[in-house]
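Please keep the sequence and the structure in view while reading.

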Amino acid sequence: MLEGKALIEDTDMPVKMQIQAMAAASQALDIYDVFDCRSIAAHIKKEFDKRYGPGWQCVVGSNFGCFFTHSKGTFIYFTLETLSFLIFKGATSSSSSP
């Protein structure tokens with residue numbers, strides 16, 4: 001396991017889920033090269049889909065912007081080592097067209 005400490009920038013996840021997110025990121029960094037952001041993100045997404053049900057999204061990188069809507073209680077943005085991690089479950093639209 002990497003010795004680096006994660007720094008949470010923003011979240012609305014329960015603490016237990018936050019810990020799981022950072023653990024999954026650390027595990028992915030142990031398995032994949034730090035430049036293989038796609039594989040790192042896929043590893044974390046699959047872990048969250050398995051643990052918390054399908055529909056999770058994960059973005060990993062050192063320089064990205066984003067704009068999205070998420071389900072309440074399913075968002076975290078943190079940094080670990082030189083990478084930033086964004087994990088969330090997309091919100092479902094309940095509005096109907098007239």
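Which residues does Phe-85 touch, not counting residues up to four places away in sequence? Phe-85 touches Ala-25, Leu-29, Ile-40, Ile-44, Val-59, Val-60, Ile-76, Tyr-77, Phe-78 and Leu-80, where contact means heavy atoms within 4.5 Å.

## Basis of the model

The model is predicted, so that local features need pLDDT of at least 70 and side-chain atom pairs count only at pLDDT 80 or more, whereas totals for chains, interfaces and linings use all residues. Residues are numbered from 1 along each chain as its sequence is written, and side-chain values use heavy atoms, with hydrogens and water left out.

## The sheet

Four strands form an open sheet in the order 1-3-4-2, with antiparallel pairing; strands (E, at least two residues) and helices (H or I, at least four residues) are DSSP runs numbered from the N terminus, and two strands pair if DSSP finds at least two bridges between them. Strand 1 (7-11) and strand 2 (56-61) are the edge strands, each pairing on one side only, and the twist from one strand to the next averages 15°.

Strand 1 and strand 3 (residues 76-80) run antiparallel and are joined by 4 bridges. Within strand 3, Phe-78 is the bridge partner of Ile-8.

## Helices across the sheet

Helix 1 (residues 15-31) lies across strand 1, strand 2, strand 3 and strand 4 (83-89), and runs at about 40° to strand 3. Helix 2 (residues 37-52) lies across strand 2 and strand 4, running at about 155° to strand 2. Axes are lines fitted to C-alpha atoms, for helices over the stretch in contact, and angles run from 0 to 180 degrees between N-to-C directions.

The axes of helix 1 and helix 2 come within 9 Å and cross at roughly 140°. The two helices, helix 1 and helix 2, are therefore oblique to each other, since angles under 35 degrees count as roughly parallel, over 145 as roughly antiparallel, 65 to 115 as roughly perpendicular and the rest as oblique.

His-43 is in helix 2 and, at 17% relative accessibility, counts as buried (under 20% relative accessible area, with exposed over 50% and partly exposed in between, for a 1.4 Å probe and protein chains only). Leaving aside neighbours within four places in sequence, His-43 is in contact with Ala-24, Gln-27, Ala-28, Ile-31 and Tyr-32.
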